[in-house]
Amino acid sequence: MCGTRIETTELRYVLKMNLFAAYDTMKLEASDLERNYEEEIQKLIEKMEGMNPKELEEDVFKQYTFDLCRTCQQKFLKNPLGNLEKKSEKTDFPPFDVDDFLRRLEDN
Ligand SMILES: [Zn+2]
């Protein structure tokens, strides 16, 4: 985090983070049971083959591993998301919408 070199003999803290799309509004309706999922999944796979694999993967699951020095470990414990005080700042990234993501795959 701070850029300080951590020697192999020094104490370090390993931070592992998983960032993944959670989609748990699973509701089954009668029409869902009649759908041909095999065909739909096959179509999705075909569409995904034309997409950037890295982008596609990062949209779904991303794992990070960081080595922290003691000072950064203390900072992280106090404020894990780092910029909570700046939460009014807007980012260029729209919220991830799984339905929209699937629709875009179908439109390709
Ligand atoms: Zn540090």
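Mentor: What follows goes from the overall layout to single residues.

Trainee: Before that, what kind of model is it?
Mentor: This is a predicted model.

Trainee: OK. How many helices and strands are in the chain?
Mentor: The chain has five helices and two strands.

Trainee: In what order do the elements run from the N terminus?
Mentor: The order is β-α-α-α-β-α-α.

Trainee: Which strands are joined by bridges, and how do they run?
Mentor: Strand β1, residues 13–20, is joined to β2 by eight bridges. The two run antiparallel. Strand β2 covers residues 61–68.

Trainee: Give me some partners. What does Y13 pair with in β2?
Mentor: Y13 has L68 as its bridge partner. F20 is bridged to F61 in β2.

Trainee: What about the whole chain? What percentage of it counts as buried?
Mentor: 0% of the 108 residues count as buried. The cut-off for buried is 20 or more other C-beta atoms within 10 Å.

Trainee: Switching to contacts. What share comes from residues 24 or more positions apart?
Mentor: 92% of the contacts with a separation of 6 or more.

Trainee: Now helices. How far apart are the end C-alpha atoms of α2?
Mentor: They are 18 Å apart. Helix α2 runs over residues 37–49, which is 13 residues. At 1.5 Å a residue it should span 18 Å, so the two values agree.

Trainee: And is α2 buried or in the open?
Mentor: Zero of its 13 residues are buried, so α2 lies largely in the open.

Trainee: Let's pick single residues. Where does E57 lie?
Mentor: E57 is in helix α3, residues 53–60.

Trainee: Is E57 buried or exposed?
Mentor: Exposed, because E57 has 11 other C-beta atoms within 10 Å and the cut-off for exposed is 12 or fewer.

Trainee: How far is E57 from F20 in space?
Mentor: They sit 9.7 Å apart, C-alpha to C-alpha. In sequence, E57 and F20 are 37 residues apart.

Trainee: One more. Where is A22?
Mentor: A22 is in the loop between β1 and α1. A22 is exposed, with 6 other C-beta atoms within 10 Å.

Trainee: How far apart are A22 and V60?
Mentor: In sequence, 38 residues separate A22 and V60. In space they are 8.5 Å apart, C-alpha to C-alpha.

Conventions. Residues numbered from 1 in each chain as written. Predicted model: local features only at pLDDT ≥ 70, side-chain atom pairs only at ≥ 80, totals over all residues. Helix = DSSP H or I, 4+ residues; strand = E, 2+ residues; numbered from the N terminus. Contact = placed C-beta atoms within 7 Å. Expected span 1.5 Å × (residues − 1). Pairing = 2+ DSSP bridges.
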